[in-house]
Amino acid sequence: MKSLGRVVVVCLAWVVSVAGAQAPKPESIAPLVKQQFGNSFTISTKMPLAFVVGDFDSDGVEDVAIVADSTDPMVDAYDFKYTVADPYNSFFGYGNPNVTASFSKHDKEHSHILLVIFGAGTDAWRAATPKAKFALINVPFDSVATSRMMMKKNKPPITVIRTIEAEILDSSVYWDVKKKRWKWTPGDTKDW
């Protein structure tokens, strides 16, 4: 029985060391943000978790969502070829990021931006040329996580970015594959 306990402890130690070795540190993400999105973004230091990893576009390749701060998310969009989207205000009927980018400038505590990189090839989201890049603005959250959400009864669940605003609600941001756009939905999602 003691030897079985030792085997379990050794296996758990191995799993923890492998997981720790594969998880990138926030400091290692900063050069990636600068390379893919320019100097107008910095990684948020106010969040307990600076980024989450998952397959957000359901193509089988790992993607990343990074919590960042910026005074002007639109300034480098053309040069660095990323799309600025506002899924939160789109949910309420008006999501033109050219106009809504100025909505959160007065609330510095909650004006975080989600930078999403869709991975490409074997390097996934670390690839020099990713599949697509997005800056999601005006999504209210205090912390982020990944979760799974059922969209249709006969389809497998999709991976979503769970945005948690501690004082108000939990919500989810997800990529609509058919319509090729980001959507925000209020309510709690369940882990599958």
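# Report on a predicted protein chain

Ala 124 lies in the loop between strand 5 and strand 6; helices (H or I, at least four residues) and strands (E, at least two) are DSSP runs, numbered from the N terminus. This is a predicted model, in which local features need pLDDT of at least 70 and side-chain atom pairs count only at pLDDT 80 or more, while totals for chains, interfaces and linings use all residues. Residues are numbered from 1 along each chain as its sequence is written, and side-chain values use heavy atoms, with hydrogens and water left out.

Although Ala 124 is not a glycine, its phi is positive, about 55°. Ala 124 is also buried, with a relative accessible area of 8%; buried means under 20% relative accessible area, exposed over 50%, and partly exposed in between (1.4 Å probe, protein chains only). Asn 138 is a further non-glycine residue with a positive phi, near 65°. Asn 138 is found in the loop between strand 6 and strand 7, and its relative accessible area of 11% makes it buried.

## Overall composition

The protein chain has five helices and 10 strands. Of its 192 residues, 42% are buried. Among contacts with a separation of 6 or more, 59% are between residues 24 or more positions apart; contact means heavy atoms within 4.5 Å. The protein chain exposes about 11200 Å², and 59% of that comes from carbon and sulfur atoms. Accessible areas come from the Shrake-Rupley method with a 1.4 Å probe, and for residues only the protein chains shown count as cover.

## Strands

Two strands pair if DSSP finds at least two bridges between them.

| Strands | Sense | Bridges | Residue pair |
|---|---|---|---|
| Strand 3 and strand 5 | antiparallel | five | Val 67 and Leu 114 |
| Strand 5 and strand 6 | antiparallel | five | Leu 114 and Leu 136 |
| Strand 7 and strand 8 | antiparallel | seven | Ser 147 and Val 160 |
| Strand 8 and strand 9 | antiparallel | five | Thr 163 and Ser 171 |

Strand 5 (113-118) is mostly covered, with six of its six residues buried. Ile 113, Leu 115 and Ile 117 are on one side of strand 5, and Leu 114, Val 116 and Phe 118 are on the other.

Strand 8 (residues 158-165) is likewise mostly covered, and eight of its eight residues are buried. One side of strand 8 carries Ile 158, Val 160, Arg 162 and Ile 164, and the other carries Thr 159, Ile 161, Thr 163 and Glu 165. A hairpin of three residues joins strand 8 to strand 9.

## Nonpolar cores

A nonpolar core is a set of buried Ala, Val, Leu, Ile, Met, Phe, Trp, Tyr and Cys residues joined through side-chain atoms within 4.5 Å. In soluble globular proteins, nonpolar side chains tend to be buried together.

The largest nonpolar core has 23 residues, of which Phe 41, Ile 66 and Leu 115 touch the most other members. Helix 2 (26-37), strand 3 (63-69) and strand 5 each supply at least two residues of this core. Helix 2 gives the largest share, four residues. Beyond its neighbours within four places in sequence, Leu 115 is in contact with residues including Val 33, Phe 37, Phe 41, Ile 66 and Phe 134. A second, separate core has 19 residues, among them Ala 85, Phe 134, Leu 136 and Val 144.

## Aromatic rings

The structure holds 14 aromatic pairs. Rings of Phe, Tyr and Trp (its six-membered ring) pair if their centres lie within 6.5 Å; planes under 30 degrees apart count as stacked, over 60 as edge-to-face and the rest as tilted.

The ring centres of Phe 37 and Phe 41 are 5.9 Å apart and their planes are at 75°, so this pair is edge-to-face. Phe 37 and Phe 41 are both buried. Phe 118 and Phe 134 are also edge-to-face, because their planes are at 65°, with ring centres 5.2 Å apart. This pair links distant parts of the chain, with Phe 118 in strand 5 and Phe 134 in strand 6 (residues 132-136), 16 residues apart. Phe 118 and Phe 134 are both buried.

Tyr 88, Phe 91, Phe 92 and Trp 184 form a cluster linked by ring pairs. Lys 133 lies over the face of Phe 37, at 5.9 Å from the ring centre. A charge sits over a ring if NZ of Lys or CZ of Arg is within 6 Å of the ring centre and within 35 degrees of the ring normal.
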